[in-house]
Every structure is written in structure tokens, then in C-alpha cells.
Amino acid sequence: MRLTTKGRFAVTAMIDLAMRQGNGPVTLSGISQRQAISLSYLEQLFGKLRRHAIVESIRGPGGGYSLARPAGKVTVADIIIAVDEPLDATQCGGKENCHGSDAASGTRCMTHELWTTLNAKMVDYLDSVSLQDLVDQQKQKEQNVVVVHRNSGTAAATVEQN
């Protein structure tokens with residue numbers, strides 16, 4: 001099981017938006033350039049995020065997108081669910097018919113409870129991580145700059161705080 005491009009791109013774009021919205025609405029073209037995500041793909045994702053009241057659109061010159069609520073009140077689970085990303089590790093999609101396509105005749109596989117429990121843990125974890133947590137984490141990374149010095153064929157890395 002893995003998170004698809006849709007979920008990863010949505011979370012990445014939302015971090016970008018949250019980091020820059022203090023300067024006014026953020027354009028999708030700006031996010032597209034900074035994160036190397038197709039503009040048309042971002043338009044689709046942000047349409048879904050807007051319908052779930054996670055972002056607001058501002059029209060006209062100087063328009064773009066901003067968060068509809070504080071970053072601390074938006075979880076990664078909110079974002080992923082808004083863009084229709086399935087959070088399901090079961091083979092049957094939770095229908096309990098792993099051994100047959102017909103729900104009436106299909107039976108659960110022996111590991112169904114394992115994957116159902118994993119689903120619950122995954123949602124719990126993603127629901128515990130806020131967009132603000134990710135923004136803070138990214139800002140911390142940007143404050144640490146790694147500089148590599150080469151001396152006599154050996155390399156030494158140091159971390160400098162900005």
C-alpha cells in the first residue's frame with residue numbers, strides 16, 4: 001500500500017500555500033513552478049480542497065488561494081480525504097468480500113482484520129499531523145544549511161544556522 005501522487009502533491013501544495021499565504025493570496029502558477037506540479041493538476045486538486053472548505057479562492061488581479069481555516073486546524077487526513085485519496089489497505093476496499101467480487105458470495109480474507117486495523121492506525125496518525133506541524137518542520141529545515149568543505153581529498157560537512 002502506498003500513497004498516490006494525488007495525495008503527495010496535495011499535501012506538498014498545501015505546505016507551499018501555508019508557508020506563503022502571509023503575503024496575500026498564493027497563485028497556483030507559483031505553486032506549480034516552485035513544486036514542479038502541473039498547473040492543470042493543481043487546479044483539479046484545489047477545486048476539491050475548496051469544496052471541502054480547506055482553501056478559499058480569491059478572484060481578480062492579485063487573486064489566488066488562501067487557507068479557509070488556520071493551518072493548525074487542517075490535518076493531513078483532511079487534505080488526503082478531500083482529494084479523494086483512498087486510505088485503505090484492504091484488498092476489498094472495506095467491503096469484506098476479499099475472496100469474490102460479489103458482496104453476497106464473497107468472503108473475508110484471513111488478514112482482513114490486520115489491514116482494517118492498519119487503516120485505522122493510518123487515519124489516526126494522519127489526523128494527528130497538522131498542516132502547521134509540516135510548515136514548522138519545513139521552516140526548521142530551511143534554517144539549517146549544509147555546507148561542504150573539501151580539503152586534501154576529504155570532505156567535511158558542517159551545519160550552519162541562519
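Predicted model: local features only at pLDDT ≥ 70, side-chain atom pairs only at ≥ 80, totals over all residues.
Residues are numbered from 1 along each chain as its sequence is written. Local features need pLDDT of at least 70, side-chain atom pairs count only at pLDDT 80 or more, totals for chains, interfaces and linings use all residues, and side-chain values use heavy atoms, leaving out hydrogens and water.

**Stop 1: the core.** Select M14, L17, F46, L49 and L131. Of the 33 residues in the largest nonpolar core, these touch the most other members. Such a core joins buried (under 20% relative accessible area, 1.4 Å probe, protein chains only) Ala, Val, Leu, Ile, Met, Phe, Trp, Tyr and Cys residues through side-chain atoms within 4.5 Å. Helix α1 (5-20) gives the largest share, seven residues.

**Stop 2: L131.** Beyond its neighbours within four places in sequence, L131 is in contact (heavy atoms within 4.5 Å) with M14, I15, A18, L67, A71, V74 and I79.

**Stop 3: α1 and α6.** Now show α1 with α6 (131-143). Their axes are 9 Å apart, at about 75 degrees. The pair is therefore roughly perpendicular (65 to 115 degrees). V11, M14, I15, A18 and M19 of α1 meet L131, L134, V135, Q138, K139 and E142 of α6. That contact has eight nonpolar, one polar and two charged residues.

**Stop 4: α2 and α3.** Select residues 28-35 for α2 and 39-51 for α3. These helices pack at about 125 degrees, axes 9 Å apart. They are therefore oblique to each other. L28, S29, I31 and S32 of α2 contact L39, L42, E43 and F46 of α3.

Methods. Axes fitted to C-alpha atoms, helices over the stretch in contact; angles between N-to-C directions. Helix = DSSP H or I, 4+ residues; strand = E, 2+ residues; numbered from the N terminus. Parallel < 35°, antiparallel > 145°, perpendicular 65-115°, else oblique. Buried < 20%, exposed > 50% of the residue type's maximum accessible area, 1.4 Å probe, protein only. Nonpolar A, V, L, I, M, F, W, Y, C, P; charged D, E, K, R; others polar.
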